[in-house]
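Hello,

The structure we discussed is below, with the sequence. My notes on it follow.

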Amino acid sequence: MSELVRVAVDAMGGDNAPFVTVKGAVDAVSESDNLKVFLVGQKEVVEKELSAYQYDKDKIEVVDATEIIEMAEPPVMAIRKKKDSSIVKAMYMVNHGEADAYVSAGSTGATLVGGQVIVGRLKGVDRAPLAPLIPTEKGKSLLIDCGANVDARSNHLVQFAKMGTVYMENIMGIKNPTVAIVNIGAEEEKGNALVKETFPLLKNCPDINFIGSIEARDIPAGFADVIVCEAFTGNVILKMYEGVAKSLMHVIKKSLMSSLKTKIGALLIKDDLKKTLSNYSMDQYGGAPMLGLKGLVVKTHGSANAVEVKNSILQCVTFTEQKISEKISAKISQEN
């Protein structure tokens, strides 16, 4: 058996905590032999939730944290003042080498600040982007950045492209993944000042497979493996993506239940349709890792269910075993 991957989970973070965080942790350790989870949160509350499940007691440990950082709190102030919060305590476990990774469905702002300040960036990394996998017709693409750096500069986007390339090569097994920058047209001269400045830098970068611009409508078709943008654009793309997928599923279900004929048809295609639609469910992709940090930080949706939490935890096992942080560090060091 490989060495255990230790994941510190913010048990109090998210709209449905601690129920989904505890269930996600229990499900994760039952699926992986190489995993230990630390549930960081209010001990009495977490242990009460845990008592409802059967699990290997050696693979889940509760770490007491008396405070909770709420979603609406100013992140910098919350990180400074609430030292005994589940977010801060779990982050310090990664910083001190007591855990290999951190997972939270809690405050995005506090997670981003804590990742930069407590866990810390790798040497040579200017900014740490959030990089979720998104479903496409061809499989999956990496959207980088989707929420961490709204004021990114051209050199940051070049680093994002390099980090995304390392991720897709090692996690998804895609050799020489294609890289594209989000733009309003395919022509090189189009775009805002940031895109126009970044395009030639990416074009002349020898260690990425840059294929040019990608328009938003071409992202779901899977035209590129790594999709580069600053966080404002990336977050809009991600939220629109999720909203359209959810609406489309509702429309399909409503249509299939509209008459006796469609209900019979639905019965005939039920299993195949369920399998197809599941490919567009964001639950199965886990959370968005912050790339370029000294330890792994994964942010999942505030409304995450237990399946998404489970997959976010399991994601940490693959990430750690593949030594992604070390490979990103080597790539950036080589550049410098």
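**Helix packing and backbone notes**

Helix 6 passes helix 7 in a right-handed crossing. Please keep in mind that this is a predicted model.

Helix 6 covers residues 154–170 and helix 7 covers residues 193–203; their axes are 9 Å apart and the packing angle is about 50 degrees. The two helices are therefore oblique to each other. On the helix 6 side, the residues in contact are Ser154, Leu157, Val158 and Ala161, and they meet Leu194, Glu197, Thr198, Leu201 and Leu202 of helix 7. Sorted by class, this contact has six nonpolar, two polar and one charged residues.

Two cis peptide bonds may be worth a look when you go through the backbone. One joins alanine 17 and proline 18, with omega about 0 degrees. Proline 18 sits in the loop that runs between strand 1 (5–10) and helix 1 (19–31). The other goes from isoleucine 144 to aspartate 145, and its omega is near 20 degrees. Aspartate 145 belongs to the loop between strand 6 (139–144) and helix 6.

There are also residues with positive phi that are not glycine. Asparagine 176 has a phi of about 50 degrees and is found in the loop between helix 6 and strand 7 (178–182). Its relative accessibility is 46%, so asparagine 176 counts as partly exposed. For lysine 323, phi is about 55 degrees; this residue is in the loop between helix 10 (306–321) and helix 11 (324–335). Lysine 323 has 47% relative accessibility and therefore counts as partly exposed.

Regards

Technical notes: Residues numbered from 1 in each chain as written. Predicted model: local features only at pLDDT ≥ 70, side-chain atom pairs only at ≥ 80, totals over all residues. Heavy atoms only, no water. Axes fitted to C-alpha atoms, helices over the stretch in contact; angles between N-to-C directions. Helix = DSSP H or I, 4+ residues; strand = E, 2+ residues; numbered from the N terminus. Parallel < 35°, antiparallel > 145°, perpendicular 65-115°, else oblique. Left-handed = near helix turned anticlockwise from the far one by under 90°. Contact = heavy atoms within 4.5 Å. Nonpolar A, V, L, I, M, F, W, Y, C, P; charged D, E, K, R; others polar. Buried < 20%, exposed > 50% of the residue type's maximum accessible area, 1.4 Å probe, protein only.
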